[in-house]
Every structure is written in C-alpha cells, then in structure tokens.
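Take a first walk through this structure. Keep the sequence and the 3D view side by side as you read.

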Amino acid sequence: MPDEVLKILQPKPNGIYLDCTLGGGGHALKIGEFLSEEGFLIGIDQDLEAIRAAEKKLSALKCKVEIAHGNFSHLEKILDNLNVDKIDGVIFDLGVSSHQIDTAERGFSYIHDAPLDMRMDRTQKFSAADVINNYDETRLIKIFSEYGEERFSKRIAAAIIKSRPIKTTGELVKIIENSAPHIKNGGHPAKRIFQAVRIEVNHELEILSDAITQAVRRLKVGGKIAVITFHSLEDRIVKNTFKNLAQGCTCPKNFPVCVCGHKAEIKILGKAQTATGDELKENSRAKSAKLRAAEKIFNA
C-alpha cells in the first residue's frame with residue numbers, strides 16, 4: 001500500500017523518516033524520492049539479505065541514507081546511535097516479506113520443501129526446528145491456538161510429538177495435512193501453523209506494542225506513523241496500542257476534575273484502510289493487509 005502510506009506521511013524534502021521494516025526497500029524508496037539532500041532516510045531490518053537488496057535499491061537517492069541491522073524493538077537505541085532525537089514519520093510494514101516467502105530455503109513457505117528455519121535474522125540460533133522438535137505438547141498447543149488460531153491445535157501437536165524428529169517443512173506439512181481436515185474456504189491447514197511457528201521464532205507479537213510506543217515517543221508533533229498488518233493478531237495489537245496512546249484523562253468518571261494530568265499523545269487518522277482493487281491485481285498477498293495511521297499531537 002505504498003500510495004496510501006505516502007498520503008499519510010506526506011514526506012517533507014528536509015524531513016527525517018524511519019522505515020522500521022525495510023525489507024527490499026519498496027516503501028523506503030518511495031519516501032526517499034521526496035527527500036532532498038537535506039533529508040534523512042533511516043531503515044531497520046534484521047535480515048541481512050534484505051539489507052543488501054535495499055542498499056542497491058536506495059543507492060541513487062539524493063538524501064542521506066542509513067541502514068541498521070537489528071530489530072525494530074531497539075529503534076530508540078538505533079536513533080540514539082545516529083544522533084537523531086525526533087523524526088517526521090515512521091512506517092512499519094509487518095510480517096514476512098515476499099522475498100523471504102519466495103526464497104524456498106528460508107523455510108517460511110508450506111509450499112516448498114526446505115529445512116525448518118523461519119528466522120528473519122539468520123544470525124540468531126533459535127529456529128523453527130527448535131520449536132517443532134523441542135517444545136512440549138502443551139506449549140505447542142498454546143502457540144498454535146494463540147498465534148495461529150488453529151481449532152485442531154491439540155490433534156496437530158500430538159501428531160508432531162509422535163513424529164519427531166522432523167527435519168523439513170515438507171515433513172511438517174504432511175503431518176499437519178494428516179491431522180487437520182481441509183475446511184472449505186479455510187485455506188491450506190498448514191498456513192495457520194506456519195504463521196504460529198514463524199511468530200514464535202521471531203517474537204513478532206510480544207515486541208510490537210512497545211516498538212510502536214517507542215516510535216510515537218520519537219515523533220515530532222505533527223509527525224505521522226503508519227502501520228501495515230497482515231493478520232488479526234497484529235492488527236488487534238496495533239489498534240489497542242493506538243487507542244491507549246490516543247487516550248486522554250484516565251481519572252474515574254465520577255471525579256469532578258482531572259487530577260491525573262494524562263494527555264493523548266496521538267490522534268488516530270480514520271479507520272483501517274485495505275488494499276485497492278488495482279493493487280490486489282498486482283499483488284494478491286495484499287488481500288489481508290490493513291493500514292492504520294496516527295498523528296503525534298503531544299509530547300508526553
């Protein structure tokens with residue numbers, strides 16, 4: 001949803017903009033094309049392959065460009081290392097990238113047979129193989145239910161325990177197919193399990209609310225934040241985090257006057273947007289995308 005993101009951020013030529021999920025550099029490039037030599041574009045990604053691809057894509061921009069290898073949960077530390085206090089805009093494009101899905105050996109896709117990996121940051125040791133082969137049944141059921149919203153979590157977890165050791169995504173898919181029935185219009189039964197394992201490996205949900213809060217803290221008044229999610233679990237966290245940051249007085253309703261002094265930090269900019277028909281024709285993966293945005297109105 002690059003056009004929608006640009007409408008929200010409205011990049012200023014001399015502004016400072018942060019892309020917390022750089023990926024291949026698509027959003028960053030669109031933003032960077034609006035920036036002058038006085039502008040500053042900062043990208044963060046934990047995937048070194050993505051960083052190398054983004055460096056090439058962004059190399060012709062006039063503005064200053066800095067790319068940090070790391071997780072967006074450390075965005076304030078990254079900004080501090082760059083001597084950046086406040087920023088004009090920030091984008092989070094969450095989830096797994098198209099490059100990661102399409103690179104079979106990364107193990108993100110249930111379509112291709114590959115090692116059980118799913119690490120966004122391949123410098124970390126913990127991978128999908130550790131989850132599938134080392135977690136006990138109760139823990140597997142928990143992540144399948146919570147992160148995958150899978151109704152047959154118990155059945156699938158039990159089958160995984162019996163089938164260990166499991167080395168490849170292909171082996172895992174067969175176990176899931178034999179354990180969970182195909183539901184009409186429900187998609188492939190492995191889709192939800194792969195999502196759950198990927199979230200667990202990369203700690204995607206547990207860091208999200210704090211990262212958004214950090215980003216808002218570093219926005220200038222009038223600065224914008226845009227967040228794109230791809231499933232209901234992410235979207236719920238973004239929605240609730242925005243709601244909390246947009247809340248004013250927290251005193252009990254029966255208090256005659258405010259004594260907490262709490263002020264809203266952001267103003268939520270409309271309802272969640274979805275991809276247009278034209279974009280869906282070019283990118284079917286945008287079907288589940290939701291874009292939420294807010295504007296900084298007060299420095300807490």
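Begin with a pair of helices: helix 9 passes helix 10 in a right-handed crossing. This is a predicted model. Helix 9 covers residues 169-179, and helix 10 covers residues 189-202. Their axes come within 9 Å and cross at roughly 125°. An angle over 145 degrees would count as roughly antiparallel, and one from 65 to 115 as roughly perpendicular. The two helices are therefore oblique to each other.

Which residues make the contact? Helix 9 brings Thr169, Leu172, Val173 and Ile176. Helix 10 answers with Pro189, Ala190, Ile193 and Phe194. By class, this contact has seven nonpolar residues and one polar residue. No charged residue takes part.

Now turn to Phe126. Phe126 sits in the loop between helix 5 (98-102) and helix 6 (128-134). Look next at Val201. Along the chain, Phe126 and Val201 are 75 residues apart. Their C-alpha atoms, however, are separated by 6.8 Å. Val201 is also one of the residues in contact with Phe126.

Next comes Arg292. Find Arg292 in strand 8, which spans residues 290-296. Arg292 has a relative accessible area of 15%, so this residue is buried. The cut-off for buried is under 20%. What does the side chain of Arg292 make a polar contact with? The partner is the side chain of Asp235, at 2.7 Å. Asp235 is also among the residues that Arg292 touches. Leaving out residues up to four places away in sequence, that list also holds Ile225, Ala226, Val227, Val238, Lys239, Phe242 and Ala272.

Finish at Val257. Val257 belongs to the loop between helix 12 (232-245) and strand 6 (266-268). Its relative accessible area is 56%, so Val257 is exposed. Over 50% is what that class requires. How many Å separate the C-alpha atoms of Val257 and Asp278? The separation is 51 Å, with the two residues 21 residues apart along the chain.

Arg292 is buried. Val257 is exposed.

Definitions and conventions:
Residues are numbered from 1 along each chain as its sequence is written. This is a predicted model: local features need pLDDT of at least 70, side-chain atom pairs count only at pLDDT 80 or more; totals for chains, interfaces and linings use all residues. Side-chain values use heavy atoms; hydrogens and water are left out. Axes are lines fitted to C-alpha atoms, for helices over the stretch in contact, and angles run from 0 to 180 degrees between N-to-C directions. Helices (H or I, at least four residues) and strands (E, at least two) are DSSP runs, numbered from the N terminus. Angles under 35 degrees count as roughly parallel, over 145 as roughly antiparallel, 65 to 115 as roughly perpendicular and the rest as oblique. A crossing is left-handed if the near helix is turned anticlockwise from the far one by less than a right angle, and right-handed if clockwise. Contact means heavy atoms within 4.5 Å. Ala, Val, Leu, Ile, Met, Phe, Trp, Tyr, Cys and Pro count as nonpolar, Asp, Glu, Lys and Arg as charged, and the others, Gly among them, as polar. Buried means under 20% relative accessible area, exposed over 50%, partly exposed in between (1.4 Å probe, protein chains only). A polar contact is a pair of N or O atoms within 3.5 Å; within protein, one must be able to donate a hydrogen and the other to accept it, and residues adjacent in sequence count only if both atoms are side-chain atoms.
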